[in-house]
Amino acid sequence: MNVRFSMVSSRPIPSALIHHIRQTITDVEAHPDEREVRSVGLNAITWFFELSDNRIGPYSDSLEKFKGEMRGPAMALAIDSAFITGPMAENGPAAVVTDVDSTFITTEVIEMLAAHAGREDEVRQVTETAMRGELDFAVSLEQRVATLEGVPSSVFDDVFADIRLTEGAQRLVDAVHARNGKFGLVSGGFSEVVGPLAERSGIDTYVANGLEVEGDSLTGRTYGDIIDAEAKVSNIIRWQDEWQIPPEMILCAGDGANDLPMMDHVGLGVSFMGKPIVLENADCAINFPRLDAIAALVGWDIDG
């Protein structure tokens with residue numbers, strides 16, 4: 001079984017932690033491929049090795065114990081890490097799919113739209129409740145969109161002009177494409193904003209909700225299928241068939257509870273600045289606002 005273990009941080013990784021990881025790995029594989037990952041402004045190191053017949057030396061044939069021996073100390077020192085097995089371990093994912101709001105971009109579009117209706121605080125509270133998994137997403141979407149009734153449709157241009165990509169987002173897209181991979185966006189936000197964003201960033205495909213407009217104003221209703229957790233998974237299944245990429249070679253990243261099912265469906269699920277429920281259930285996490293740190297976790301160098 002192929003294994004990759006990586007660590008990434010915005011600050012130096014303690015040498016004692018690196019030594020511990022190195023010793024833990026050499027207990028089961030004498031000659032792992034160890035190297036620093038080149039990425040501007042990040043500190044990262046990765047090991048690639050093989051576990052023969054799942055024999056893992058002093059760890060009583062327990063893969064979870066072996067994983068915990070490495071990830072536990074890294075987590076204790078607030079160093080993000082990933083333990084990747086299977087076909088993705090050697091060369092990284094063939095496709096990356098991320099959430100949009102508070103993942104690919106720094107803000108929540110619904111809150112930016114609500115600010116134009118003077119109801120941003122109300123909408124933010126509903127958003128936070130839904131992202132923690134305490135409120136059904138479809139119900140929360142209906143409640144939030146209703147606050148937008150009467151807002152001029154010109155708001156889309158205003159909001160799009162104010163959107164800022166998360167640091168490293170474009171670098172991650174470019175890194176995926178440099179390796180002939182695919183990049184998708186799945187959003188509980190709105191296609192009127194996500195569509196232009198995807199085009200500007202060179203995204204291969206996207207899916208998002210639609211906001212209904214009558215005349216020159218928003219009606220406070222959506223149109224089309226609701227892009228909830230289930231819809232995110234079904235669209236990824238559709239894309240993997242179109243791309244001819246198996247799910248175990250897809251990486252998904254997001255921050256909210258409605259991102260967990262798509263993370264469970266694919267080879268690696270990454271919590272990006274995630275809510276507690278996401279941190280608890282994702283395969284690994286990035287806990288600082290650099291989306292290109294995902295590239296470092298899978299062992300990709302990004303120069304420049």
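Me: Which residue in strand 3 does Glu34 stand opposite?
Reply: Glu34 stands opposite Trp47 in strand 3, and please keep in mind throughout that this is a predicted model.

Me: How do strand 2 and strand 3 pair, and over how many bridges?
Reply: Strand 2 and strand 3 run antiparallel to one another and are paired over four bridges. Another facing pair there is Glu36, which stands opposite Ile45 in strand 3. The two strands form a hairpin with six residues between them, and Gly41, which sits in the turn, has a positive phi of about 80°.

Me: And strand 1, over how many bridges does that pair with strand 3?
Reply: Strand 1 and strand 3 are joined over eight bridges, again in the antiparallel sense, with Ser6 standing opposite Thr46 in strand 3.

Me: OK, what order do the strands of the open sheet have?
Reply: The sheet is an open one of four strands, in the order 2-3-1-4 and with antiparallel pairing. Its edges are strand 2 (33-36) and strand 4 (80-85), each of which pairs on one side only, and the twist from one strand to the next averages 10°.

Me: Which strands does helix 1 touch where it packs on the sheet?
Reply: Helix 1, residues 15-26, touches strand 1 (2-9), strand 2 and strand 3, and its direction makes about 5° with that of strand 3. Helix 2, residues 63-76, also packs on the sheet, where it touches strand 1, strand 3 and strand 4, and its direction makes about 160° with that of strand 4.

Me: Why call strand 3 largely enclosed?
Reply: Six of the eight residues of strand 3 are buried, and therefore the strand is largely enclosed by the rest of the structure.

Me: Back to Thr46, then: buried or exposed?
Reply: Thr46, which lies in strand 3 (residues 43-50), is buried, since its relative accessible area is 1% and the cut-off for buried is under 20%.

Me: Which side chains does the Thr46 side chain make polar contacts with?
Reply: The side chain of Thr46 makes a polar contact of 2.9 Å with the side chain of Arg4, and another polar contact, of 2.7 Å, joins it to the side chain of Ser6. Ser6 is also the residue that stands opposite Thr46 in the pairing of strand 1 with strand 3.

Me: What else is Thr46 in contact with, leaving aside its neighbours within four places in sequence?
Reply: With those neighbours left aside, the contacts of Thr46 include Phe5, Asp33, Glu34, Arg35, Val37 and Gly299, as well as Arg4 and Ser6.

Me: Changing topic to helix 6: what span should its twelve residues have, and how far apart are its ends?
Reply: At 1.5 Å a residue, the twelve residues of helix 6 (residues 120-131) should span 16 Å, and the C-alpha atoms at its ends are 16 Å apart, so the two agree.

Me: Which residues of helix 6 are buried?
Reply: The buried residues of helix 6 are Val123, Val126, Thr127, Ala130 and Met131. Because these cover an arc of only 130° around the axis, they are on the same side of helix 6. They pack against helix 5 (109-115), helix 7 (137-146) and helix 13 (276-281), whereas the face turned away from this buried side carries the exposed residues Asp121 and Gln125.

Me: What follows helix 6?
Reply: Helix 6 is followed by Gly133, which has a positive phi, near 85°.

Me: And helix 9, which of its residues are buried?
Reply: In helix 9 (residues 169-178) the buried residues are Ala169, Leu172, Val173, Ala175 and Val176. Seen down the axis of helix 9, these fall within an arc of 160°, so they line one face of the helix. Among the elements covering them are strand 5 (95-98), helix 4 (100-104), strand 6 (182-190), helix 10 (191-201) and helix 14 (293-297). Helix 9 is followed by Asn180, whose phi is positive, near 60°.

Me: Last one, where is the place of Leu165?
Reply: Leu165 is in the loop between helix 8 (155-162) and helix 9, and with a relative accessibility of 26% it counts as partly exposed. Leaving aside neighbours within four places in sequence, Leu165 is in contact with Phe104, Ile105, Thr106, Gln170, Leu197, Arg200 and Ser201. Leu165 and Thr107 are 58 residues apart in sequence, while their C-alpha atoms are 8.8 Å apart in space.

Notes:
Residues numbered from 1 in each chain as written. Predicted model: local features only at pLDDT ≥ 70, side-chain atom pairs only at ≥ 80, totals over all residues. Heavy atoms only, no water. Buried < 20%, exposed > 50% of the residue type's maximum accessible area, 1.4 Å probe, protein only. Polar contact = N/O pair within 3.5 Å; in protein donor to acceptor, adjacent residues only side chain to side chain. Contact = heavy atoms within 4.5 Å. Pairing = 2+ DSSP bridges. Axes fitted to C-alpha atoms, helices over the stretch in contact; angles between N-to-C directions. Expected span 1.5 Å × (residues − 1). Arc of directions from axis to C-beta.
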